[in-house]
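Q: Could you take me on a close look at the aromatic rings in this structure? I would like one connected account.

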Amino acid sequence: MAYTGEKIFMMAMAKMDEVTETGSLNPEDVAEYRAKAPYLLEIWSKRMAKRAGQKKIFEMSCVRKKNLLGDLSHISEIVENNNEEQEYSAKGANCFYIGVDGDCTVSFTENGTPLSGKYVFNDGDETDFTGDINITVPEGTTSFLSLKGILLPQSQDSQITMTVSGQYYFRHINRSLSPYKYPSASKVPDFKAYYKVEMPSDFISRSQIITEYPKWQYQEGNSQIKWEGDNLYTMFSYDGLIRIVYISQPTQITSLEQEIEYPEHVAISAVPYLVKCFARSDMMDELSADAREEFMQMYVDAVTDEPLTPTEIADVFDWGVGD
């Protein structure tokens with residue numbers, strides 16, 4: 001059963017001894033309480049969210065992307081360039097990715113003829129190009145910045161060549177020519193050893209991670225999935241389904257008509273929280289202290305009834321040849 005802000009408010013008013021014998025409220029007597037209640041409930045909600053908020057499920061399917069250049073000599077392999085031209089070719093490429101740490105030119109040809117496409121550098125704006133992409137890295141660059149885009153070849157049988165060059169020394173990494181077609185350059189995935197998975201906009205923290213596969217086997221932990229802070233990184237070669245149970249950010253409370261997005265045993269803790277705040281404002285010290293103690297006990301109960309255990313259960317896809 002979902003509680004509304006109004007129901008929480010009525011229970012708080014009962015504790016404040018503002019409910020009449022008929023079960024109603026005198027509007028004038030509770031006007032200030034009613035005006036403050038949505039703001040106080042919002043403070044309570046944000047306080048409770050990380051440890052006792054609503055759980056949701058985020059699910060994504062991971063598939064190993066094909067790199068026509070091969071993986072072993074290009075993913076995470078750093079190549080130095082000292083005023084030279086370095087060529088990488090493959091047939092049937094429709095998109096590309098490369099990381100660079102210095103000013104350079106990345107050129108594309110189709111059977112020796114300049115090739116057109118669209119690119120995004122360092123998560124910037126999508127830009128059209130034909131043949132050459134001239135890159136100037138921001139001053140103070142100390143790491144590799146992404147350059148990725150889509151290619152528009154005349155034929156899928158064409159030989160596509162990516163040429164990396166520069167006037168001065170720089171390095172590049174994670175080179176890829178791939179057959180996949182995407183509607184825009186920003187849709188091209190990062191060809192890195194571990195790529196970042198974007199969490200839902202209402203994500204606060206993870207509760208559980210499950211990686212599942214169709215072969216009835218699993219293992220504790222999974223080196224192909226890593227957490228860094230609140231960010232999930234997945235290994236480029238990982239195939240499978242990731243399902244994350246996470247704590248969600250509740251909707252902002254602006255009205256007592258709203259439903260409280262918490263389980264009943266958590267939502268009820270908003271009653272002593274309101275009473276604590278109202279009684280303190282009215283200098284009713286004993287009632288405020290009692291309500292604070294009651295709220296703190298409810299808070300402890302709410303966050304310990306179901307511990308948030310970041311258990312990782314993994315079960316790896318077996319694409320065995322001959323099955």
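A: Let's begin with a group: F96, F108, Y119 and F129 form one aromatic cluster. Rings of Phe, Tyr and Trp (its six-membered ring) count as a pair if their centres lie within 6.5 Å; planes under 30 degrees apart are called stacked, over 60 edge-to-face, and the rest tilted. A word on the source: this is a predicted model, where local features need pLDDT of at least 70, side-chain atom pairs count only at pLDDT 80 or more, and totals for chains, interfaces and linings use all residues. Residues are numbered from 1 along each chain as its sequence is written, and side-chain values use heavy atoms, leaving out hydrogens and water.

In total, the structure holds ten aromatic pairs. Y33 belongs to helix α2 (residues 27-52) and F278 to helix α4 (residues 270-281), so the pair ties together parts 245 residues apart in sequence. Helices here are DSSP runs (H or I, at least four residues), and strands are E runs of at least two, numbered from the N terminus.

Both partners are worth checking for cover. Y33 counts as buried at 10% relative accessibility, and F278 is buried too, with a relative accessible area of 1%. Buried means under 20% relative accessible area, exposed over 50%, and partly exposed in between (1.4 Å probe, protein chains only).
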